[in-house]
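Student: I would like a close look at one part of this model. Please keep the cut-offs in view as you go.

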Amino acid sequence: MKIGVYPGSFDPITLGHLDIIIRASKLVDHLVIGVLTNISKKTIFTVEERVRFLNWVIKENNLESKVKVESFNGLLVDFAKAQNASFIVRGLRAVTDFDYELQLAQTNHKLVPEIDTIFFTTRLEYSYLSSSTVREIASFGGDIKQFVPECIVQSVYDKYKAIGSV
Ligand code: PNS
């Protein structure tokens, strides 16, 4: 059985992430989305919120039989091993992602040679898109509907209202 792990911060999930989830889920028998909890960079959304948003999106896209969402602490390769994964999935948007992604993939391969990283090039329509762009727009009350799955839009706005930013 081919199991892939798609790790990230997902702060919050974007349509670019969803596109990769859909495409990667066709390549493996099971895809485990790994939501990192021990992030040195501070996230706006709690790990529970990020996992909840992903679960809503998985359900809305009828991917429940193929895709599950888990949070993880520590090293990605340890999480991938614990999930019996053969692949780590990452998205590449532009050349600016390349250095970091190459370093990550090569380091992970050095740590656990049995697990390889597969890159999906982001679809052109999402190549500009990032969670940080979404956060910035939402923090000023801008329109995020074309950037994130519809089922999370209101919750993103609610978060910014709750922290007093809009
Ligand atoms: O969505 P992101 O923030 O670009 O995802 C980064 C992520 C979660 C893939 C990366 O930070 C990660 O794997 N962190 C876990 C710690 C680890 O294993 N680091 C790689 C070896 S240095």
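Start with S2: which residue there is the bridge partner of Gly 8?

Tutor: The partner is Val 35. First, the ground rules. This is a predicted model, with residues numbered from 1 along each chain as its sequence is written; local features need pLDDT of at least 70, and side-chain atom pairs count only at pLDDT 80 or more, while totals for chains, interfaces and linings use all residues. Side-chain values rest on heavy atoms, with hydrogens and water left out.

Now the strand and its partners. Helices (H or I, at least four residues) and strands (E, at least two) are DSSP runs, numbered from the N terminus. Two strands pair if DSSP finds at least two bridges between them. S1 (residues 3–8) and S2 pair in the parallel sense over six bridges. S2 and S3 also run parallel, joined by six bridges. There, Leu 36 stands opposite Phe 72 in S3. In a regular strand, side chains alternate between the two faces of the sheet.

Next, the connection. S1, H1 and S2 make a right-handed β-α-β unit. Right-handed means that, with the strands pointing away from the viewer, the path from the first strand over the helix to the second runs clockwise.

How enclosed is S2? Buried means under 20% relative accessible area, exposed over 50%, and partly exposed in between (1.4 Å probe, protein chains only). Five of the seven residues of S2 are buried, so the strand is largely enclosed by the rest of the structure.

That leads to the core. A nonpolar core is a set of buried Ala, Val, Leu, Ile, Met, Phe, Trp, Tyr and Cys residues joined through side-chain atoms within 4.5 Å. The largest one has 37 residues, and Ile 21, Ile 33 and Ile 144 touch the most other members. At least two residues each come from H1 (15–25), S2, H2, S3 (67–72), S4, H5 (131–139) and H6. H2 gives the largest share, six residues. A second, separate core has twelve residues, including Val 5, Val 32, Ala 80 and Ala 85.

Look at Ile 33 itself. Contact means heavy atoms within 4.5 Å. Leaving aside neighbours within four places in sequence, Ile 33 is in contact with Tyr 6, Phe 10, Ile 21, Leu 54, Ile 58, Val 67, Lys 68, Val 69 and Glu 70.

Two of those contacts are aromatic partners. Rings of Phe, Tyr and Trp (its six-membered ring) pair if their centres lie within 6.5 Å; planes under 30 degrees apart count as stacked, over 60 as edge-to-face, and the rest as tilted. By that rule there are six aromatic pairs. Tyr 6 and Phe 10 make an edge-to-face pair, 5.3 Å centre to centre with 80 degrees between the planes. Both Tyr 6 and Phe 10 are buried. The rings of Phe 45 and Tyr 160 have centres 6.5 Å apart and planes at 80 degrees, so this pair is edge-to-face. Phe 45 sits in the loop between S2 (30–36) and H2 (47–60), and Tyr 160 in H6 (residues 150–162), so the pair ties together parts 115 residues apart in sequence. Phe 45 is buried, at 1% relative accessible area. Tyr 160 is buried too, at 3%. Phe 45, Phe 53, Trp 56 and Tyr 160 form one aromatic cluster.

A salt bridge is a side-chain nitrogen of Lys or Arg within 4 Å of a carboxyl oxygen of Asp or Glu. That rule gives eight salt bridges. One joins Asp 158 and Lys 161 at 3.9 Å, N to O. These two are three residues apart in H6, about one helical turn. Asp 158 is partly exposed, at 36% relative accessible area, and Lys 161 is exposed, at 52%.

Arg 90 forms a salt bridge with Glu 101, the closest N and O atoms being 2.7 Å apart. Arg 90 is in S4 (residues 87–92) and Glu 101 in H4 (residues 95–111), eleven residues apart. Arg 90 counts as buried at 18% relative accessibility, and Glu 101 counts as buried at 5%.
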